[in-house]
Amino acid sequence: MKNAKVKQIVTAAVIAAMYTALTYAQNFLLPGTTSMAVQFRVSEALNVLALFTPAAIPGLTIGCILSNLYNIGQGLPLDMIFGSLATLGATLSIYFLRNVKIKTYPLLSMLMPALFNGIIIGWEIETFFIDGDFHFISFLTQAGLVALGELLVMITLGTLLYYVMIKRNIDKKI
């Protein structure tokens, strides 16, 4: 029992470190690509890990918090709160939907990061970063752009990671 808890904590810490390192590396190599309207944050593909272990839920959430520390310097401290809440909601949903599949593909789970980030980050952008009053059409635009980036990551890199993990039986080891 004690070893299982330690394993979960270590797994969550490793996932948080991987997410943070990937985000920082991408920001270094391709500045702005992890925080633009249509962001393609490579580290978001790690959301797939929530299909295989509940340790991914706190790991990815903490990784998101640590990754968004970089954005504080760019005037986005709210992203630490709202981005992390979006990640928490998405990974919880992924975990609870992990057995819902179309053939062997967890399509609903793969859509959760786009759904949560689109709505929450779209609202955040519209509420805090667009001058003036809240406009529903503008919110839909912001939400759609954020969701598009998330969807592209999950459908490409997330799907690749999912099938590689299954083919190599890594899904059984975490």
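Tutor: Let's begin with G118. This is a predicted model. G118 has a relative accessible area of 3%. The cut-off for buried is under 20%, so G118 counts as buried.

Student: Where does G118 sit in the chain?

Tutor: G118 lies in helix α4, which covers residues 107-129.

Student: Which residues does G118 touch, leaving aside those up to four places away in sequence?

Tutor: They are P113, W123, A143, V146 and A147.

Student: How far apart are G118 and M165 in sequence and in space?

Tutor: They are 47 residues apart in sequence. From C-alpha to C-alpha, the distance between G118 and M165 is 27 Å.

Student: How do I describe two packed helices?

Tutor: Two packed helices are described by the angle between their axes and the distance between the axes. Take α4 and helix α5, residues 136-167. They pack at about 150°, and their axes are 7 Å apart.

Student: Are α4 and α5 roughly parallel or roughly antiparallel?

Tutor: Angles over 145 degrees count as roughly antiparallel, so α4 and α5 are roughly antiparallel to each other. The crossing of α4 past α5 is right-handed.

Student: Which residues make that contact?

Tutor: From α4, they include M110, L111, A114, G118 and I125. From α5, they include F139, A143, V146, A147 and Y162. G118 and A143, both in this contact, also touch each other.

Student: How many residues of each class are in the contact of α4 with α5?

Tutor: There are 15 nonpolar, seven polar and two charged residues.

Student: What about helix α3? How many residues does α3 have?

Tutor: Helix α3, residues 78-96, has 19 residues. Its first and last C-alpha atoms are 27 Å apart, close to the 27 Å expected.

Student: Which residues of α3 are buried?

Tutor: Among them are D79, F82, G83, A86, A90 and I94.

Student: At what angle do α3 and α4 pack?

Tutor: The angle is about 160°, with the axes 8 Å apart. That makes α3 roughly antiparallel to α4. α3 passes α4 in a right-handed crossing.

Student: Which residues form the contact of α3 with α4?

Tutor: On the α3 side, they include F82, G83, A86, A90 and I94. On the α4 side, M112, F116, I120 and F128 are among them. By class, this contact has 13 nonpolar, five polar and two charged residues.

Key:
Residues numbered from 1 in each chain as written. Predicted model: local features only at pLDDT ≥ 70, side-chain atom pairs only at ≥ 80, totals over all residues. Heavy atoms only, no water. Helix = DSSP H or I, 4+ residues; strand = E, 2+ residues; numbered from the N terminus. Buried < 20%, exposed > 50% of the residue type's maximum accessible area, 1.4 Å probe, protein only. Contact = heavy atoms within 4.5 Å. Expected span 1.5 Å × (residues − 1). Axes fitted to C-alpha atoms, helices over the stretch in contact; angles between N-to-C directions. Parallel < 35°, antiparallel > 145°, perpendicular 65-115°, else oblique. Left-handed = near helix turned anticlockwise from the far one by under 90°. Nonpolar A, V, L, I, M, F, W, Y, C, P; charged D, E, K, R; others polar.
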